[in-house]
Amino acid sequence: MTSNRRSGARSRRRPPKRKGFRFGRVLVGWSLILAVGATLAVGLYGVHLDRVVRGKFEGQRWALPARVWARPLELYAGRRLSPDQFESELERLNYRAVASPQTQGQYQRLGDRFEVRTRPFRFWDGAEPERHLNISFADGQVATLTDADGGADPALVRLDAMLIASIYPTHNEDRVLVRRQDLPELLVKTLMAVEDRNFDHHLGVDPKGILRAAVSNFQAGAVVEGASTLTQQLVKNFYLSADRTFERKIKEAYMAFLLELHYSKDEILEAYANEIYLGQDGSRAIHGFGLASQFFFNLPLSELDAAKTALLVGMVQAPSSLDPRRHPEAAESRRNLVLDLMVRDGVISEAEAAKAKRTPLGVQDGGGRPAGYYPDFITLVRRQLQRDYRDEDLRSEGLNIFTTLDPLVQAAVERSLPRKLAELEKQRGMKAGTLETAAVVTSVEQGEVLAIAGGRQPGYAGFNRALDSVRSIGSLVKPPIYLAALSQPDRYTLTTSLSDRPVSLPDGNKRWEPKNYDHKVNGSVQLHSALARSLNLATVNLGLSIGVKNVVDTLYKMGAQRRIRVVPSVLLGAVSMSPLEVAQVYQTIAAGGYRAPLRGIREVVDAQGRPLNRYPLAIEAVVDPRAAYLTTWAMQRVVSDGTAKWLGDQLPKGMTMAGKTGTTDEKRDSWYAGFSGDKVAVVWVGRDDYKPMGLAGGTGALRVWGDFMLKLDNEPLPEIPPDGVVLADACGRKNVPYIGDSAKGAASCGGGSGQGSRASGGGESVARSEPEPAGGAVETPPEPPPPPKPARTENHFMSDFFGR
């Protein structure tokens with residue numbers, strides 16, 4: 001029994017477990033653990049990716065270049081402007097001549113009448129709207145300015161400003177930001193048709209789209225549709241590298257999904273339109289449709305037709321191999337394929353597509369680059385910016401820099417310089433290219449730099465002679481000497497007799513003995529005549545009388561910045577300046593003794609249009625305005641009777657200008673500095689190797705100066721003298737100005753108490769031009785206001801360039 005019980009017990013035992021069953025349970029367990037771990041890892045990775053996606057998308061998405069703009073053309077009835085000048089400005093701004101303007105950026109010209117549809121533009125002080133205008137010209141000025149749609153006629157219109165430069169980010173990406181509401185619907189619909197037909201409905205990845213694209217590409221025998229959604233393409237361009245790996249593709253899909261969870265379709269589309277890579281311009285990468293439109297067509301995105309839109313969208317697939325400049329046939333084939341897809345999805349009609357296929361690609365050379373690139377002026381702007389901004393801000397914050405450059409003035413200067421220098425070389429039998437030049441044009445009242453040329457070849461980014469060529473100024477120093485003397489009205493008047501006799505002063509182991517240009521000695525000459533004739537001996541005697549230090553201090557007050565040695569040779573121009581610094585000195589005379597530090601920038605605003613830094617007009621009284629007026633009067637005689645008489649013979653009736661020629665030893669430098677009522681201009685002509693060239697100021701620089709200044713719209717010099725100046729007839733001249741009661745002391749020619757003998761010429765009486773009061777009694781004129789006593793102040797802008 002015992003054995004039976006044992007046997008029964010054994011029979012009731014479970015059969016042994018199979019090893020495979022146990023292994024399966026372990027495998028399932030580990031699979032669950034791995035699945036949970038993988039899910040957790042994917043979740044944690046998703047949290048990391050989510051931070052990456054949101055951090056960059058919500059922060060500063062792009063490093064945006066600073067844009068530098070010229071001053072806009074202002075239109076108003078009565079503005080001096082010719083029809084040809086106006087059309088040239090429209091062409092510089094890439095306006096298109098058409099039979100009937102329908103959209104912004106178009107114009108029609110019929111003789112002296114224009115119909116124009118302007119572009120909107122946001123300036124620092126407000127937005128200028130799009131306008132539809134009729135403009136007529138007569139007698140070299142704007143005759144009428146009317147609203148072509150029957151609305152109120154505008155009193156003043158500003159055209160959109162010209163882009164003249166960009167300061168690119170360090171990595172040389174460039175883009176023009178476009179908001180979603182500014183994306184043309186034609187572009188948006190074309191993108192959907194070609195790149196993502198289900199964009200409005202998927203969550204970043206579109207499985208149906210992948211299948212549909214595969215079928216379409218198989219049927220076409222070529223890649224006509226992309227399998228990636230626009231969101232995936234944005235992720236690839238915005239966050240990831242271009243590596244073609246499975247891992248990157250999974251990461252791309254995951255990030256696309258996260259992007260769709262957080263942001264609207266409009267936000268994603270806007271980012272895509274600004275980020276997509278569309279070509280290369282040397283080292284500059286072209287990103288976004290806004291810049292691509294300018295780069296390839298010289299047109300804003302809003303002005304693209306179906307053919308140009310199809311070309312840009314088609315390039316998304318392969319920007320390098322479909323570049324219309326390098327591969328026009330491939331680009332045209334792709335464009336036409338895109339036009340077919342636009343017809344398929346109802347974006348355009350078959351007739352519109354057929355017409356578009358017949359049009360040329362329309363690519364413009366130099367498109368997207370700053371129009372009329374002005375490297376010499378940009379150098380000036382950069383130096384001013386470096387005082388106020390960090391370089392990284394200029395390269396990343398999307399600043400808009402509005403400058404003082406006047407394209408009309410700059411164009412006139414650039415046309416004149418190479419032509420006139422070639423003429424001078426031919427006349428003198430010089431080898432072509434021997435002469436070099438520099439020119440600066442500024443406004444009188446505001447000190448704004450209107451144009452700069454650093455050499456004879458416009459647009460050449462080489463040595464900037466206008467800023468950096470420091471040459472002896474010769475007789476250009478004389479007007480400040482005479483101004484310093486005339487600031488002492490108790491000693492000097494315009495008719496004071498000056499001694500034009502030899503001077504001999506010790507100069508080390510030798511003697512300094514200056515001579516007149518013609519080696520003659522004139523004895524006694526009137527002060528104004530000595531300046532008009534540029535007499536060296538009279539000027540030296542005058543300068544020694546008032547003191548060389550007084551002359552040097554006057555130069556500093558007027559804007560000179562370089563250290564000047566207080567030695568007698570300064571009186572004949574032994575001081576070196578750049579053309580820009582000379583322009584500052586002469587601007588002070590032209591502005592009646594009020595110095596406005598020269599500036600190249602008007603305003604700087606951020607990417608949202610908010611002002612960041614204002615460059616206000618900073619005018620300072622630095623010399624007696626009465627003496628400045630008398631000096632200008634004498635400088636007018638330089639033009640009418642003196643060393644610049646050639647210019648006086650060219651002036652149109654009613655126009656008055658003042659100036660001074662300058663020539664250095666052995667005719668190594670030829671200068672002319674002068675001004676009208678509203679413009680100051682300085683021209684230097686010479687050789688870079690400092691060799692003599694045989695041109696004096698009146699035969700060299702003056703001819704270049706007159707060539708462009710006479711083509712510009714100029715105002716005559718003001719005729720009304722400042723308070724404290726009276727006019728009198730003296731020595732055969734009418735209306736000679738005197739300060740205060742100086743006319744009483746000038747009863748004979750050469751009157752006054754300056755050094756030297758009185759002028760010969762007898763006792764011609766001087767009578768006031770002012771009417772006597774009723775009753776015949778002569779009233780004593782009111783006491784004139786005291787002249788300003790300026791301290792030796794710094795011209796902060798110019799001191800950025802010159803140290804002393």
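This is a working chat about a predicted model of one protein chain.

Me: What should I know about the model and its numbering before I start?
Reply: It is a predicted model, where local features need pLDDT of at least 70, side-chain atom pairs count only at pLDDT 80 or more, and totals for chains, interfaces and linings use all residues. Residues are numbered from 1 along each chain as its sequence is written, and side-chain values use heavy atoms, with hydrogens and water left out.

Me: What is the mean pLDDT of the chain?
Reply: The mean pLDDT is 85, and 82% of the residues reach 70 or more. pLDDT is the predictor's confidence in each residue, from 0 to 100.

Me: Where does pLDDT stay under 50?
Reply: Over residues 751-797, for which the model has 99 contacts beyond four places in sequence. Residues 799-804 also have pLDDT below 50, with 21 contacts beyond near neighbours in sequence. A contact means heavy atoms within 4.5 Å. Where pLDDT is low, the predicted coordinates should not be read in detail.

Me: How many helices and strands are there?
Reply: The chain has 24 helices and 33 strands. Both are DSSP runs numbered from the N terminus: helices are H or I with at least four residues, strands are E with at least two.

Me: And how much of the chain is buried?
Reply: Buried residues make up 52% of the 804 residues. Buried means under 20% relative accessible area, exposed over 50%, and partly exposed in between (1.4 Å probe, protein chains only).

Me: How do strands 4 and 5 run?
Reply: Strand 4 (residues 106-110) and strand 5 (residues 113-117) run antiparallel and are joined by five bridges. Gln 108 stands opposite Glu 115 in strand 5.

Me: Which strand does strand 1 pair with?
Reply: Strand 1 (residues 66-69) pairs with strand 11 in the antiparallel sense, over four bridges. Val 68 stands opposite Ala 165 in strand 11. Strand 11 (residues 163-167) is mostly covered, with five of its five residues buried.

Me: New topic: how many salt bridges are there?
Reply: A search of the whole structure finds 44. A salt bridge is a side-chain nitrogen of Lys or Arg within 4 Å of a carboxyl oxygen of Asp or Glu.

Me: Which residue meets Arg 383 in a salt bridge?
Reply: Asp 468, at 2.8 Å from N to O. The pair links distant parts of the chain: Arg 383 is in helix 13 (residues 375-388) and Asp 468 in helix 16 (residues 465-468), 85 residues apart. Arg 383 is partly exposed at 24% relative accessibility, and Asp 468 is partly exposed at 30%.

Me: And what does Arg 602 pair with?
Reply: Glu 448, with the closest N and O atoms 3.2 Å apart. Arg 602 sits in strand 25 (residues 601-605), while Glu 448 is in the loop between strand 16 (436-443) and strand 17 (449-453), 154 residues apart.

Me: Is Glu 448 buried or exposed?
Reply: Glu 448 is buried, with a relative accessible area of 2%. Arg 602 is buried as well, at 16%.

Me: Which residues share partners in one salt-bridge network?
Reply: Arg 67, Asp 174, Asp 281 and Arg 284 are joined that way.

Me: Last one: where is Ser 82, and what does it touch?
Reply: Ser 82 lies in the loop between strand 2 (74-75) and helix 3 (83-92). Not counting residues up to four places away in sequence, Ser 82 touches Phe 137 and Gly 140. Ser 82 is partly exposed, with a relative accessible area of 21%.

Technical notes:
Two strands pair if DSSP finds at least two bridges between them.
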